[in-house]
Amino acid sequence: MPPHPSLVSPLTIGTHTLPNRLFVAPMAGVTDRPFRMLCKSLGAGYAVSEMVTSRKDLWHSLKTSRRANHAGESAPISVQIAGTDAAMMAEAAAYNIDRGAQIIDINMGCPAKKVCNKWAGSALMQDEPLALEIIEAVVAACAPHGVPVTLKMRTGWSLHNKNAERIARAAESAGIAMLTVHGRTREQGYKGQAEYDTIAAVKAAVRVPVVANGDISTPEKALAVMRHTGADAVMIGRAAQGQPWIFGDIAHFAEHGRHRARPLTLEVRRWLLDHLHDHHGLYGEFAGVRTARKHIGWAVRALPGGEAFRAHMNTLDQVDEQTRAVSDFFEQLSLQHPRLPAHAPQQDPTDAPEGERALCVAN
Ligand SMILES: Cc1cc2nc3c(=O)[nH]c(=O)nc-3n(C[C@H](O)[C@H](O)[C@H](O)COP(=O)(O)O)c2cc1C
């Protein structure tokens with residue numbers, strides 16, 4: 001496949017210049033600060049935080065305050081907000097700017113749970129006037145601070161109501177600085193394949209940068225989606241779980257038109273141990289060990305002995321034990337496999353809806 005060097009060229013959002021066009025998707029329960037920093041250190045040019053609710057009563061919850069913790073994260077700090085009330089969303093934007101947000105992203109892409117008896121996230125695409133009211137209010141709240149507002153959405157509400165292009169035009173007129181489109185409708189959840197024609201139509205309809213998202217799991221696919229849609233960047237979610245070096249892999253492929261070597265097993269061990277160290281630091285021992293299990297599980301799932309190791313991991317509940325077990329597993333593996341054996345392709349996308357529904361909640 002011919003190279004596509006523009007994928008590794010800088011992209012500007014407002015006053016921020018991103019080093020490349022390879023973005024980590026916001027994933028509630030996954031893209032916390034340690035994971036975002038890991039992805040950035042391994043080649044991602046940009047990472048959006050997990051969403052923060054617009055409900056004030058939850059801002060002081062442990063979960064929200066962890067999500068709003070950006071200590072040590074490289075700029076720009078981008079925070080996603082979710083909600084259904086324009087004034088509350090504007091307030092949430094201002095609150096997060098006070099806590100360090102440099103870009104505010106509005107969530108119209110995720111089947112978030114009900115907020116104040118209305119469905120937030122992608123459900124807003126069904127109510128275009130409300131969607132626009134929210135966009136205008138958030139842009140107005142962010143403008144005095146010079147903070148750009150971006151929007152993440154799906155292709156539409158349903159197969160017969162793909163309104164992404166109309167919302168994109170209205171959002172651009174209202175001052176949105178960048179649009180991300182996940183190539184599925186809300187009705188689809190994660191079923192079927194993402195389609196990229198609607199993303200191409202959105203790209204053709206607006207002048208602000210457009211980011212293509214959905215089912216991008218290999219360097220070849222990233223380049224194909226860029227070519228098909230004409231998008232300015234790609235965003236990767238599930239395929240980064242357990243293989244955060246995918247951003248560096250895509251960057252290499254985009255630049256040279258060929259794959260780089262698999263990472264050294266001991267290199268992967270180092271990345272995972274550093275990630276665990278950060279993760280335990282943010283969550284503390286009790287929650288940290290438990291929430292780290294899914295990251296470890298993703299990292300080992302396709303490796304020889306990975307399933308048995310995953311089961312063993314669930315019996316360990318101390319930081320030291322967990323760290324030592326991970327370290328030993330990769331050290332042993334490196335004796336047989338100096339380079340990490342090939343990963344299985346991306347998880348079955350039909351696994352995602354429940355995972356997301358459980359995690360993609362607005363608090
Ligand atoms: C566990 C999980 C949590 C997610 N949480 C969010 C979220 O908080 N906000 C959002 O806009 N999208 C969320 N998404 C959707 C992703 O950002 C992305 O649009 C989707 O997974 C498609 O990209 P992919 O095929 O590369 O995974 C979530 C997805 C998953 C799997």
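Two strands pair if DSSP finds at least two bridges between them. Helices (H or I, at least four residues) and strands (E, at least two) are DSSP runs, numbered from the N terminus. This is a predicted model: local features need pLDDT of at least 70, side-chain atom pairs count only at pLDDT 80 or more, and totals for chains, interfaces and linings use all residues. Residues are numbered from 1 along each chain as its sequence is written.

**Exercise 1. Trace the pairing around β9 (residues 149–156).**

Step 1. Take one neighbour. β9 pairs with strand β10 (residues 178–185) in the parallel sense, over 6 bridges. Leucine 151 has leucine 179 in β10 as its bridge partner. A right-handed β-α-β crossover takes the chain from β9 through helix α5 (residues 164–173) to β10. Right-handed means that, with the strands pointing away from the viewer, the path from the first strand over the helix to the second runs clockwise.

Step 2. Take another neighbour. Strand β6 (residues 103–108) pairs with β9 over 5 bridges, again parallel. Here asparagine 107 is bridged to lysine 152 of β9.

Step 3. Check the cover. In β9, 8 of 8 residues are buried. A residue is buried if 20 or more other C-beta atoms lie within 10 Å of its own, exposed if 12 or fewer, and partly exposed in between, with C-beta atoms placed from the backbone.

**Exercise 2. Explain why β5 (residues 78–82) is largely enclosed.**

Step 1. Count. 5 of the 5 residues of β5 are buried, so the rest of the structure largely encloses this strand.

Step 2. β4 and β5 pair in the parallel sense over 4 bridges. Threonine 53 stands opposite alanine 82. β5 and β6 are also parallel, over 4 bridges. There, glutamine 80 stands opposite aspartate 105.
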